[in-house]
Amino acid sequence: QALDGLHGTVAEERLERLTRAGGVVAHAARRTVELIASMGTFSRAGEQVSKPTDLNRAIAATWLLLQHRVDAAKTVVESIAGVVPEVNVVPGEVSQVLMNLLANALEAVAAQGDRGLVRVVTEAGADAVIVVVEDNGPGVSTELWPRIFEPFFTTKDSGTGLGLSISHELV
């Protein structure tokens with residue numbers, strides 16, 4: 001709207017470019033606000049206070065922080081948010097667990113490009129909220145399953161092998 005007064009005083013082509021650039025800046029500003037809000041959950045990670053938490057919202061915030069990795073790999077992401085009650089958890093801890101699980105899933109499918117799929121499903125159980133994170137990556141052989149929560153155990157060339165260990169401890 002601010003550019004409307006420029007019609008007739010600036011070449012239409014230049015005005016069109018300015019309008020597009022303004023749209024890009026507005027989109028980037030909205031995304032920045034969303035990212036800062038999502039990071040707020042992680043900045044409170046030191047809080048050890050359990051409180052009612054919307055897991056679907058926590059998952060969405062984590063995906064927002066990982067969106068650059070999703071875009072770079074062209075991975076397909078599906079979030080199937082069931083109707084679930086809030087759960088009493090330490091928000092920073094549950095966010096850390098979600099970050100570890102989703103980052104691992106993205107790493108597992110990275111080589112597949114747009115054939116890679118990561119799916120997160122939430123559903124209400126009888127007395128719990130269930131969160132399922134799955135991917136179509138190569139998986140871990142069954143003989144390694146007993147070790148996946150061991151500190152420093154990894155099947156990757158990079159990484160510390162602490163993500164699942166920490167997540168297991170937090171859960």
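Let's start with helix α3, which lies across β4 and β5 and runs at about 20 degrees to β5. Contact here means heavy atoms within 4.5 Å, and the angles, on a scale from 0 to 180 degrees, are taken between N-to-C directions of axes, which are lines fitted to C-alpha atoms, for helices over the stretch in contact. Helices (H or I, at least four residues) and strands (E, at least two) are DSSP runs, numbered from the N terminus.

A quick word on what we're looking at. This is a predicted model, where local features need pLDDT of at least 70 and side-chain atom pairs count only at pLDDT 80 or more, while totals for chains, interfaces and linings use all residues. Residues are numbered from 1 along each chain as its sequence is written, and side-chain values use heavy atoms, with hydrogens and water left out.

So how confident is the predictor? pLDDT is its confidence in each residue, from 0 to 100. The chain has a mean pLDDT of 84, with 79% of its residues at 70 or more. Confidence is highest in β4, at 97, and lowest in helix α1 (residues 12-43), at a mean of 62. Where pLDDT is low, the predicted coordinates should not be read in detail.

Now, the sheet. It is open, with three strands in the order β2-β4-β5 and mixed pairing; two strands pair if DSSP finds at least two bridges between them. At the edges sit β2 (76-81) and β5 (129-135), each pairing on one side only. From one strand to the next, the twist averages 10 degrees.

Take β2 and β4 (residues 117-124): they pair in the parallel sense over six bridges, and V76 stands opposite L117 in β4. β4 and β5 pair in the antiparallel sense over seven bridges, with V120 opposite V133 in β5. These two strands form a hairpin with four residues between them.

Back to the helices, then. The axes of α2 (residues 55-73) and α3 (residues 91-109) come within 10 Å and cross at roughly 40 degrees. α2 and α3 are therefore oblique to each other; angles under 35 degrees count as roughly parallel, over 145 as roughly antiparallel, 65 to 115 as roughly perpendicular and the rest as oblique.

Who meets whom? On the α2 side, the residues include L55, I59, W63 and R69, and on the α3 side, V94, L98, M99 and E107 are among them. Thanks, everyone!

Note on methods
pLDDT = per-residue confidence, 0-100.
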